Amino acid sequence: MACTCEVIGLACVVALILSVSAKAPYQMRMFFVFFGAGAIVMLCVPFMILRPRDYRNALVPSWCFRQLCKLMGITMEVRGLENVRAGHGSVVIMNHQSALDLCVLSYLWPVIGRGTVVAKKEILYLPFFGFGAWLWGTLYINRSRKTDSINSLQKEAKAIQELNCKLLLFPEGTRNSKDTLLPFKKGSFHIALQSKCPIQPVVISKYAFMDDEKKTFRPGHALIQILPEISTEKYEKDDIQQLIDDCRSIMQAEYTKLSKEGLALSSKKQS
């Protein structure tokens, strides 16, 4: 009976989303993103508990969340699938724009390989979603305690080597919707050098359809480009800043190019 009520409740949420116009207030659309994600995970948790900490647990929620975004008029396109190498682990670095990056992850999860996301510990306490994310292997770190972060990430470096995991991180460290990427923090690159694994840059075009400052959120289209891996073999520990600069330069050039294309596609979709 409880399960039936949950399904009916989710159906009601979907019906509400369908009734929302393209000009719905920013707050309302963001509410649907968060509430919808929580409802999806809540329905999937009983099944995910059967195999805790398994990346495959995120496959069904990812599919559901992609449909949720489509209902809101948000679509995304993944390019560069030929650059994904399933035979070994890597550190996947992405630019970080907003909470809508959850949609990006839902598109990447089925294609990137054995994915593991690193997130701040506060997300663990989000109702349903935090626990569900833990069940599919999300690694929570306490940013306020450097030793805890280092110990956790060292475990992930070992997982990259032994389990061929793809460790997904946002090197900017915080959300950024500007035209220029923020300076990259060193954590991601320490892991890559320690595990001697390649770095796989993933660039997401600027969300031209969304503005957190102006509180606008309309239907639109975003591009996700998986770039070729960057080998860390030629870099030593003392070369970490050079590695950071090389990766950021590559990603900035792609970000600028993709954002122009994404803006044109979103404008066409809204017209």
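Throughout these legends, contact means heavy atoms within 4.5 Å. The model shown is predicted.

**Figure 1. An overview of the protein chain, with its eight helices and nine strands.** Welcome to the whole molecule before we zoom in. The protein chain has 271 residues, of which 49% count as buried.

**Figure 2. Tyr207 and its contacts in the largest nonpolar core.** This core holds 46 residues, and Tyr207 is one of the four that touch the most other members, together with Met76, Leu100 and Phe217. Helix H2, residues 26-48, supplies the largest share of the core, with ten residues. Which residues does Tyr207 contact, once its neighbours within four places in sequence are set aside? They are Met76, Gln97, Ser98, Leu100, Asp101, Val104 and Ala222. As general background, nonpolar side chains in soluble globular proteins tend to be buried together.

**Figure 3. Helices H2 and H3 where they meet.** Helix H3 covers residues 59-71, and its axis comes within 10 Å of the axis of H2. The two axes cross at roughly 155°. Angles over 145 degrees count as roughly antiparallel, so H2 and H3 are roughly antiparallel to each other. Their crossing is right-handed. On the H2 side, the residues that meet H3 are Phe32, Val33, Gly36, Ala37, Ile40, Cys44 and Met48. Their partners in H3 are Val60, Pro61, Cys64, Phe65 and Leu68. How many of the residues in this contact of H2 with H3 are nonpolar, polar or charged? Eleven are nonpolar, one is polar and none is charged.

**Figure 4. Phe35 of helix H2, shown with Pro127.** Is Phe35 buried, partly exposed or exposed? With a relative accessibility of 41%, Phe35 counts as partly exposed. Along the chain, Phe35 and Pro127 are 92 residues apart, while their C-alpha atoms are separated by 9.6 Å.

**Figure 5. Arg53 and Phe128, two loop residues with a positive phi.** Start with Arg53, in the loop between H2 and H3. Its phi is about 65°, a positive value, although Arg53 is not a glycine. Arg53 is partly exposed, with a relative accessible area of 37%. Now turn to Phe128, in the loop that runs between strand S3 (115-120) and helix H5 (129-135). Phe128 is not a glycine either, yet it has a positive phi of about 65°. The relative accessible area of Phe128 is 44%, and this residue counts as partly exposed.

**Figure 6. Gln225 in strand S9.** Strand S9 spans residues 220-226 and includes Gln225. Why does Gln225 count as buried? Its relative accessible area is 13%, and buried means under 20%. Leaving aside neighbours within four places in sequence, the contacts of Gln225 are Arg79, Gly80, Pro201, Val202, Val203, Glu254 and Leu258.

Notes
Residues numbered from 1 in each chain as written. Predicted model: local features only at pLDDT ≥ 70, side-chain atom pairs only at ≥ 80, totals over all residues. Heavy atoms only, no water. Core = buried A, V, L, I, M, F, W, Y, C linked by side-chain atoms within 4.5 Å. Buried < 20%, exposed > 50% of the residue type's maximum accessible area, 1.4 Å probe, protein only. Helix = DSSP H or I, 4+ residues; strand = E, 2+ residues; numbered from the N terminus. Axes fitted to C-alpha atoms, helices over the stretch in contact; angles between N-to-C directions. Parallel < 35°, antiparallel > 145°, perpendicular 65-115°, else oblique. Left-handed = near helix turned anticlockwise from the far one by under 90°. Nonpolar A, V, L, I, M, F, W, Y, C, P; charged D, E, K, R; others polar.
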